[in-house]
Amino acid sequence: LSQAAVAYGMYTAYAYSTGDATLIEKTKDPQDILNGLQDEGFQNYMNTEQANKDLDAYMSAMSMVNGSTGDKAAASEVLVNGFNDPALVALLQQAMASGQ
C-alpha cells in the first residue's frame with residue numbers, strides 16, 4: 001500500500017505540474033494512474049530535480065497526516081483523494097502549526 005501511495009502522489013504531482021486537464025482527470029482513477037506510470041512524460045518527470053522535491057514534500061505530508069491524527073486511516077485518505085480534500089489540507093496545516 002505504501003508503494004501505491006507514493007505512485008499515486010508522484011503521478012498526481014506530475015499531472016498537476018503539466019497543467020494538462022486530461023492527465024489531472026486521470027488522477028481520479030487508480031487504474032489510470034497505474035497505466036500512466038509507464039508514460040514517457042511521467043518517466044522523464046521522475047528524472048528531474050522537481051520530482052525529487054515533490055517526492056520529499058509528499059512523503060513529509062504523509063508523515064504529518066499520520067503524526068497529527070494518530071490514525072493510520074487518515075494517510076489512506078491521501079491515497080484516495082490526494083491533496084484535494086479540504087480535511088486533509090486542514091490536518092496538514094494543523095500539523096505544521098504545531099511544529100510536527
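Glu25 and Lys28 form a salt bridge through their side chains, with an N to O distance of 3.4 Å. In this predicted model, the count of salt bridges comes to one. The protein chain has 100 residues, of which 32% are buried, and its secondary structure consists of seven helices and zero strands.

**The salt bridge**
- Glu25 has a relative accessible area of 47%, so this residue is partly exposed.
- Lys28 has a relative accessible area of 64% and is therefore exposed, the cut-off being over 50%.
- The Glu25–Lys28 pair qualifies because its N to O distance of 3.4 Å falls within the 4 Å limit for a salt bridge.

- Asp54 sits in helix H5, which covers residues 49-69.
- This residue is buried but takes part in no salt bridge.
- The nearest side chain of opposite charge to Asp54 belongs to Lys53, at 8.3 Å.
- That distance of 8.3 Å is not within 4 Å, so Lys53 does not make a salt bridge with Asp54.
- The side chain of Asp54 does have a polar contact with the side chain of Tyr45, at 2.3 Å.
- Apart from neighbours within four places in sequence, the contacts of Asp54 are Met10, Ala13 and Tyr45.

**The largest nonpolar core**
- This core holds 15 residues, and the members that touch the most others are Tyr11, Tyr14, Leu37, Phe42 and Tyr45.
- Two or more residues come from each of helix H1 (2-18), helix H4 (40-46) and H5.
- H1 contributes the most, with seven residues.
- Leu37 is in contact with Ala7, Tyr11, Phe42 and Gln43, once neighbours within four places in sequence are set aside.

**Ala15 in helix H1**
- Ala15 lies in helix H1.
- Its relative accessibility is 0%, which is under 20%, so Ala15 counts as buried.
- Not counting residues up to four places away in sequence, Ala15 touches Asp20, Leu23, Ile24 and Thr27.
- For Thr27, which is twelve residues from Ala15 along the chain, the separation of the two C-alpha atoms is 7.6 Å.

**Asp29 in the loop between H2 and H3**
- Asp29 is placed in the loop that runs between helix H2 (21-26) and helix H3 (30-36).
- With a relative accessibility of 33%, Asp29 counts as partly exposed.
- The Asp29 side chain reaches the backbone nitrogen of Gln31 at a distance of 2.9 Å.
- Tyr8 is 21 residues from Asp29 along the chain, and their C-alpha atoms are 9.8 Å apart.

**The chain as a whole**
- Read from the N terminus, the order of elements is α-α-α-α-α-α-α.
- Among contacts with a separation of 6 or more in the protein chain, 54% are between residues 24 or more positions apart.
- The accessible surface of the chain is about 6000 Å².
- Carbon and sulfur atoms account for 54% of that surface.

Technical notes
Residues are numbered from 1 along each chain as its sequence is written. This is a predicted model: local features need pLDDT of at least 70, side-chain atom pairs count only at pLDDT 80 or more; totals for chains, interfaces and linings use all residues. Side-chain values use heavy atoms; hydrogens and water are left out. Helices (H or I, at least four residues) and strands (E, at least two) are DSSP runs, numbered from the N terminus. Buried means under 20% relative accessible area, exposed over 50%, partly exposed in between (1.4 Å probe, protein chains only). Lys and Arg count as positive and Asp and Glu as negative; His and the chain ends are not counted. A polar contact is a pair of N or O atoms within 3.5 Å; within protein, one must be able to donate a hydrogen and the other to accept it, and residues adjacent in sequence count only if both atoms are side-chain atoms. Contact means heavy atoms within 4.5 Å. A nonpolar core is a set of buried Ala, Val, Leu, Ile, Met, Phe, Trp, Tyr and Cys residues joined through side-chain atoms within 4.5 Å. Accessible areas come from the Shrake-Rupley method with a 1.4 Å probe; for residues, only the protein chains shown count as cover.
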